[in-house]
Amino acid sequence: MARTVFFSFHYQRDIFRVQQVKNHYVTKETYTEAGFFDGSLEEKAQKEGDTIVKNLIDKGLKGSSVLCVLIGKETYTRRWVSYEILKSIELGMGVFGVRIHQVKDPKTGADVAGSTPFECLGYGAKDGKMIPMIHYQDGWKDAPYLSPITSSAAPYLVNTDKPLLSNLFNVYDWVTNDGYNNFGKWVEAAAKQAGR
């Protein structure tokens with residue numbers, strides 16, 4: 001079954017790598033054979049403001065069943081990537097990551113691996129709810145723009161203090177793990193983990 005996937009990524013640094021991954025369906029006969037439909041939005045210009053970007057992300061996520069984080073060297077530093085991941089969990093979506101640093105940019109070639117955004121995101125338990133949190137240099141803090149959720153909203157969350165997302169979600173490598181042939185399987189595995 002083809003799923004609608006929202007892609008989360010660092011636009012400025014990785015757009016050429018991202019386009020190679022997102023457009024791999026072109027060489028397959030149908031979207032169904034590729035295993036996904038692209039439901040993401042391209043990153044909006046920063047001059048549009050936080051509220052507009054947040055609303056566009058929210059609208060795009062609501063039509064998707066899985067979030068795929070395309071992970072380059074600096075993806076973990078992007079605040080909207082963190083927002084997209086945590087908002088996807090709030091919506092009960094499937095989530096997974098794909099490392100793209102080995103995908104060659106036509107201008108700069110391959111890149112070096114960076115940390116995954118999942119390593120600095122987690123949840124803390126408070127008053128029977130799960131609080132989305134981000135780990136900054138000075139410790140864990142509540143994530144901006146996001147609300148607490150019940151553990152039933154995302155069944156894969158463990159109701160313990162600060163479950164790290166790196167312990168919950170799969171991360172693959174586009175080159176090493178043959179993303180061209182396996183991407184649809186990864187999408188389906190993430191959807192099933194979320195009960196979709």
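In this predicted model, ring pairs join Phe-7, Phe-96, Tyr-172, Trp-174, Phe-183 and Trp-186 into a cluster. Across the whole structure, a search finds 10 aromatic pairs. One of them is formed by Phe-96 and Tyr-172, whose ring centres are 6.1 Å apart with 70° between the planes, an edge-to-face arrangement. This pair links distant parts of the chain, as Phe-96 belongs to strand β4 (residues 94-99) and Tyr-172 to strand β8 (residues 171-173), 76 residues apart. Phe-96 has a relative accessible area of 1% and is buried. Tyr-172, with a relative accessible area of 16%, is buried because the cut-off for that label is under 20%.

Phe-183 and Trp-186 are both buried.

The open sheet described here has 3 strands in the order β5-β6-β7, and their pairing is antiparallel. Strands β5 (121-126) and β7 (139-142) form the edges, each pairing on one side only. From one strand to the next, the twist averages 45°. Strand β6 (residues 129-136) pairs with β7 over 4 bridges, and Met-133 has Asp-142 in β7 as its bridge partner. Helix α4 (residues 79-90) lies across β5 and β6, running at about 45° to β5.

Methods: Residues are numbered from 1 along each chain as its sequence is written. This is a predicted model: local features need pLDDT of at least 70, side-chain atom pairs count only at pLDDT 80 or more; totals for chains, interfaces and linings use all residues. Side-chain values use heavy atoms; hydrogens and water are left out. Two strands pair if DSSP finds at least two bridges between them. Helices (H or I, at least four residues) and strands (E, at least two) are DSSP runs, numbered from the N terminus. Axes are lines fitted to C-alpha atoms, for helices over the stretch in contact, and angles run from 0 to 180 degrees between N-to-C directions. Contact means heavy atoms within 4.5 Å. Rings of Phe, Tyr and Trp (its six-membered ring) pair if their centres lie within 6.5 Å; planes under 30 degrees apart count as stacked, over 60 as edge-to-face and the rest as tilted. Buried means under 20% relative accessible area, exposed over 50%, partly exposed in between (1.4 Å probe, protein chains only).
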